[in-house]
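Welcome! Please take a moment to look over the sequence and the fold before reading on.

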Amino acid sequence: MRRTILGPVSLETPTLRSLLAFEDGDAVRLVCAPATHDTVVTRIAVGLDDLGPRPQRRGAAEGEGVLLLAVGAAPDAGTVREAARRGACAVVLGEVRDAGEGAAGEGAAGEVGDVGEPLAGPVAAARESGIALLARAEGADWAEAAALLRSALSYARAGDGEDTDALRGPAAPSLAVLAARVAAQVKGSITIEDTRLRVLAHSATGPGADALRRTVILGGRVPDWRVAELRRSGLLRALWTSEDVIHRPADGDNPERLVVAVRSGREVLGSIWAAADDAALAPDAARYLRTAAGLAAPLLVRERLRESGTAHRREAALRGLLRGLGDRRTHAWSLGLSPDAPCAVVVAERQPGAPADDRALDVLVLEVSAHRPGTGIMRDGDRLALLLTGAASAAEHEAAVRGVVRDLDAVVSSLPGSPAVWLGVGPVGTPERARLSYERAVLVVRALREREARASAAGRPRPPRHADAAGAGAALEVLRILDAAHPVWKSGGGPVHDLIRTDLAAGGELVRTLAAYLDAGGDVAEAARRLVVHPNTLRYRLGRVRERYGVDLDDADARLLLTLAVRLTARPPDH
């Protein structure tokens, strides 16, 4: 998508240009630049009511510098004009989809190229009013947009004086740039970590760096043995509770270190570590570290939002791919899947209405995340869908998926109480056929549940709770036929319909009797055993079917219709 070019970026004051440079298109995109070269932004308003009801003269102090997130307002020209009338310098619209090639053509500030029909009205209103027009980025929500833009304001306002200027510099804001500039001032090596002690950024590693620093950077996180050591020494507790820089003197092979927690209010977001290389740290290193913590806070908020936003967008892409919503190729691309990558969907489903403390599906998520990172995971209540991809051939991937399912079944079986979880495997195909794989896996789960219910009614041992299409057998086609027949059955009428509807309203005794009789292949003794009644009782009930409703069980068509009717009335509520 083409964007309006605003020229060089300055991050010394909170301007629209600096905010866009900070959030970098994660939450909003520029549609129409302001009439002026740039505009100062002093506040983020959420909703028109946050601007106040009174109209403001453009440039008046009360309305100057307010960027409006038009939450709850229609994404149209009227909203843009109302925002300008109330004094906003820029407005962000939501759910605007451009039908054209791009939102804004390249050129001087305020010059906008061809736009799609949904944007034409808002762009014209923005030009007329002289304010900037932005649109919420696809996949971002209002909370994310507000948090990112407010973090950008915090970054521009953080600190005051030469130390801040030296650490912030003219470059686009990032943790990597901050780490490099802090390292130059403290004369040592810098790592910036989150609260899970994962390395988010680090300065260049010099020849004098100690072995621990190299291990941390290469591993991308502080190793477990080091975390345990920091806990035992009390350093981690001191770090998360102190608001000042903590000094740890050199000890043997461990060089001198300084560390400070990064906070947003009372919330701890991460930490900055400084380690001496060949020489001691600079005398004013602690001062620079305090300043760096203030600058790092909005950057860490941005990092956290980007991570959660990425997860949200991946989840949306996976949901679209499995349910056939939107463009399948786009969803596959968003998930990082090549067009010909073999993939299969596994559906795990627990018993509806399972106890609140049933964590079987949570355990499966942890198991898959630990042993098959990169697996797409979609959770919907009592159902879990896993998109398993691989680089092998389709046949090899199919065998690998079956192995994963056997392992997951073993994990569930080992849980206390052995909770009921059925695992269905869809066919292997390309990402574009993931929806078919998902639907077939759901069908396999239904077949497994019905098979287990019939086995229980017949007093037979419980069958396996995992299978693919071949393992489910003819039950898959039966379920597909039942699904197709259901609307026809609902709109029909006649003696069988009268029997089913009347008996279900009275408690369903005859329907249960017919289900057992038909499932037993017409064997009265076996059906009576399953129902725990005397055979003569069962014969009496079958006689009522003929006498009261005129349904002849000796007629092949009547038996077929009864079989379909009984199976259809036994369908789960969501099918």
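## About the model

This is a predicted model, in which local features need pLDDT of at least 70 and side-chain atom pairs count only at pLDDT 80 or more, while totals for chains, interfaces and linings use all residues. Residues are numbered from 1 along each chain as its sequence is written, and side-chain values use heavy atoms, with hydrogens and water left out.

## The chain as a whole

The chain holds 21 helices and 15 strands; these are DSSP runs numbered from the N terminus, with helices (H or I) of at least four residues and strands (E) of at least two. Of its 575 residues, 48% count as buried. Here buried means under 20% relative accessible area, exposed means over 50%, and partly exposed lies in between, using a 1.4 Å probe and protein chains only.

Contacts are also worth a look, a contact being heavy atoms within 4.5 Å. Among contacts between residues at least 6 apart in sequence, 63% join residues at least 24 apart.

## Two nonpolar cores

A nonpolar core is a set of buried Ala, Val, Leu, Ile, Met, Phe, Trp, Tyr and Cys residues joined through side-chain atoms within 4.5 Å. The largest one has 57 residues, and Leu 67, Leu 134, Ile 190, Ile 192, Ile 272 and Leu 289 have the most contacts inside it. Helix α10 (residues 285-323) gives the most to this core, with 12 residues. The core draws at least three residues from each of domain 1 (16-54 + 63-96 + 120-156) and domain 2 (160-305), with domain bounds that come from an automatic or database domain assignment. A second, separate core has 54 residues, including Val 347, Tyr 517, Ala 528 and Val 566.

What does Ile 192 touch, not counting residues up to four places away in sequence? Its partners include Leu 175, Leu 178, Ala 179, Ser 271, Ile 272 and Leu 300, and also the run Arg 198, Val 199, Leu 200 and Ala 201.

## The largest cavity

Rolling a probe the size of a water molecule over the atoms shows where empty space is left. On a 1 Å grid over the protein atoms alone, a cavity is a set of points where a 1.4 Å probe fits but cannot get out, and its lining residues have an atom within 4 Å of a point. Grid points are joined across faces, edges and corners, and a volume is the space filled by probe spheres set on the points. How many cavities of 30 Å³ or more does a search of the whole structure find? There are two, and the largest has a volume of about 160 Å³.

This largest cavity is lined by 13 residues, with Thr 191, Glu 193, Val 216, Arg 257 and Trp 273 nearest its centre. At least two lining residues come from each of β6 (188-194), α7 (211-219), α8 (224-233) and β10 (267-276). The largest share, four residues, belongs to β6. By type, the lining divides into seven nonpolar, two polar and four charged residues. In this scheme Ala, Val, Leu, Ile, Met, Phe, Trp, Tyr, Cys and Pro count as nonpolar, Asp, Glu, Lys and Arg as charged, and the others, Gly among them, as polar.

## Two positive phi angles

Most residues other than glycine have a negative phi. Lys 187 has a positive phi, near 60°. Lys 187 sits in the loop between α6 (175-186) and β6 and is exposed, with a relative accessible area of 56%.

Val 532 also has a positive phi, of about 60°, although it is not a glycine. Its place is in the loop between α19 (524-531) and α20 (535-549), and at 72% relative accessible area Val 532 is exposed.

## Partners across the sequence

Leu 167 touches Thr 291, and its other partners include Leu 178, Val 182, Tyr 288 and Leu 295.

Asp 244, in the loop between α9 (235-241) and β8 (246-248), is partly exposed, with a relative accessible area of 37%. The C-alpha atoms of Asp 244 and Val 260 are separated by 6.3 Å, the two residues being 16 apart along the chain. Asp 244 touches Val 260, along with Val 259 and Arg 290.

Technical notes:
1 Å grid on protein atoms, 1.4 Å probe; cavity = no way out; pocket = protein on both sides within 12 Å on 5 of 7 lines; lining within 4 Å.
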